[in-house]
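I opened my notebook to write down what I looked up in this structure. The entries follow in the order I made them.

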Amino acid sequence: MKIQGRMFIWLSVFILIMAIVYGVWSKEPAGTTALFLAFGLSVMIGFYLGFTARRVDAGAQDDKEADVADDAGELGFFSPHSWQPLMLGFGGAIAFLSIAVGWWLIYFSAPFILVGLFGWVFEYYHGENRTQ
């Protein structure tokens, strides 16, 4: 994780230089603002990865002598049969469609988003999956 943090910090330095060069040469505010925002996001990700790397054990990606098999194993629990992301995606699609069609459409997307969000959070609190 330490290497990824350094990569993002170096990427943020590059984006900052490009934002300054672009802003001086083009004098165009929208692109310059977008590049400075990308710089800020890259700094936040790099800082988070570096901050987290100090608090967790070193992974196989931080060891120069590591093999691919050293990073094998369980990565976490992923729900294999959840329908909630589909509901959230449908609600998000309607919400973003409301930008193009009309803001009134966002009222129809809110129930889909809320049902999908609550279903996803409480998916393993009831029903047959309660013991997992």
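**Surface patches and overall shape**

I looked up the nonpolar patch, and helix α1 (residues 2–26) gives the most to it, with 11 residues. Helices are DSSP runs of H or I with at least four residues, strands are runs of E with at least two, and both are numbered from the N terminus. The model is predicted: local features need pLDDT of at least 70, side-chain atom pairs count only at pLDDT 80 or more, and totals for chains, interfaces and linings use all residues. Residues are numbered from 1 along each chain as its sequence is written, and side-chain values use heavy atoms, with hydrogens and water left out.

I noted that the nonpolar patch covers about 1200 Å² and that its members include Ile9, Trp10, Phe14 and Phe36. Patch residues have over 30% relative accessible area and no salt bridge; nonpolar side chains (Val, Leu, Ile, Met, Phe, Trp, Tyr) are joined within 5 Å, like charges within 9 Å. A salt bridge is a side-chain nitrogen of Lys or Arg within 4 Å of a carboxyl oxygen of Asp or Glu. Accessible areas come from the Shrake-Rupley method with a 1.4 Å probe, and for residues only the protein chains shown count as cover.

I checked Ile9, which sits in helix α1. Ile9 is partly exposed, at a relative accessible area of 34% (buried is under 20%, exposed over 50%, partly exposed in between).

I then counted four helices and zero strands in the chain. Along its principal axes, the C-alpha trace spans about 55 × 50 × 20 Å. Of the 132 residues, 20% count as buried.

Definitions and conventions: Buried < 20%, exposed > 50% of the residue type's maximum accessible area, 1.4 Å probe, protein only.
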